[in-house]
Amino acid sequence: MMSSNVLDHIGNTPLIKLKYPSEITGCEIYGKAEFMNPGGSIKDRTALGIVLDAEEKGLLETNGQIIESSFGNTAIGLALVANAKGYKLKIVMPNITVPSKRDIIRNMGAELLLVDAKPYSDPGNYQRVAERLAKEENEKGNKVFWASQFENLANYKFHEKTTAKEIFDQTEGQVDGFTCAIGTGGTLTGVSNGLKNLNRNIKIACSDSQGSSMYNYFTKGTPEKKGNESITEGIGQARICNNLKYCNVDMSYYVDDKECMEILYKLIKNEGLFLGLSSGVNVMGAIKMAKEMGTGKKIVTILCDDANKYYDKMFNKKFLQSKNLPIPNWL
Ligand code: PMP
């Protein structure tokens, strides 16, 4: 395959049948292999969608600067898109992220500012720091673009246009349900709207991680935290950011860290899928959705990234023991 540049390879990822989840539910469960994007995650799409939209709206100058807050994958996606298009990039990240993510961002030549992990209500929160930095630069007359993945609706719209359409086409329209977890909500909001526009009978579920407030939001109407802080990264949400306001959800499932890790280790050993933490929540959510919908249904979820960035958690016996989580028998 020949292409003009690396950005042509964002999206159009394969849909892989998940053997064990399908067998135990009597459904066909598929995972969209987003770890196969050039930056290694679903967030390449968000990065490209936001930058294309900003270019169209004249918000980015030639060789201009992008500022963004990220837990890692959006930063990697943005570094790839910014480098390929000639923009500078500054990332604000909480210091609780795994070191491997920070290294990738620095090694890709982006500027990285690490801040203490604070709730959104605190002005020191990484998202609020990025917003403030962009504002200060713009006030000084330096035109800087704040990507704002949580608030910028270009995030979900790109998933509506690409991820949802690909899932519908790859299943030849025969998809009964879709589920994934929420970080910014870009994926779930985009896919929910895209699929329901094509067939309003397709069911959409939120799969929520431990310590997040979305399960309670979709079941009881108020975003209230459920369970202790999760070891997963990039997912879990406590507030209704802009990208979540348009989310079209029918049902919701809670997935704790133990269930998440158990399915991740099974997928490694039984099917050769070496997936990152959030994919465990997604696949476990798809199993719960399949059980509720009944046998014979076709359900799709997202395989967001791979396990390479999470060695310090997923394959660290001491860490797993300290969190009372299952330890794979090959460790
Ligand atoms: N999984 C991983 C590994 C992520 O980095 C993210 C994004 N933060 C998500 C899932 C959630 O995607 P979204 O922001 O579209 O809700």
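This is a predicted model: local features need pLDDT of at least 70, side-chain atom pairs count only at pLDDT 80 or more; totals for chains, interfaces and linings use all residues.
**Ground rules.** I number residues from 1 along each chain as its sequence is written, and side-chain values use heavy atoms, without hydrogens and water. Local features need pLDDT of at least 70, side-chain atom pairs count only at pLDDT 80 or more, and totals for chains, interfaces and linings use all residues.

**Helix pair.** I looked up H10 (residues 257–271) and H11 (residues 277–293). Their axes (lines fitted to C-alpha atoms over the stretch in contact) are 8 Å apart, at an angle of about 95°. That makes H10 roughly perpendicular to H11 (65 to 115 degrees). The contact (heavy atoms within 4.5 Å) includes Leu264 and Leu267 of H10 and Val283 and Ile287 of H11. By class, I find ten nonpolar, two polar and two charged residues there.

**Aromatic pairs.** Rings of Phe, Tyr and Trp (its six-membered ring) pair if their centres lie within 6.5 Å. I get nine aromatic pairs. I noted Phe71 and Tyr126: 5.6 Å centre to centre, 85° between the planes, so edge-to-face (over 60 degrees). Phe71 sits in the loop between strand S3 and helix H3, and Tyr126 in helix H5, so the pair ties together parts 55 residues apart in sequence.

**Buried or exposed?** Phe71 has 23% relative accessibility, so it counts as partly exposed (between 20% and 50%, 1.4 Å probe, protein chains only). Tyr126 has 9% and counts as buried (under 20%).

**Cluster and charge.** Tyr265, Phe274, Tyr311, Phe315 and Trp330 form one aromatic cluster. Lys269 lies over the face of Trp330, at 5.2 Å from the ring centre (NZ within 6 Å of the centre and within 35 degrees of the ring normal).

Technical notes. Axes are lines fitted to C-alpha atoms, for helices over the stretch in contact, and angles run from 0 to 180 degrees between N-to-C directions. Helices (H or I, at least four residues) and strands (E, at least two) are DSSP runs, numbered from the N terminus. Angles under 35 degrees count as roughly parallel, over 145 as roughly antiparallel, 65 to 115 as roughly perpendicular and the rest as oblique. Ala, Val, Leu, Ile, Met, Phe, Trp, Tyr, Cys and Pro count as nonpolar, Asp, Glu, Lys and Arg as charged, and the others, Gly among them, as polar. Rings of Phe, Tyr and Trp (its six-membered ring) pair if their centres lie within 6.5 Å; planes under 30 degrees apart count as stacked, over 60 as edge-to-face and the rest as tilted.
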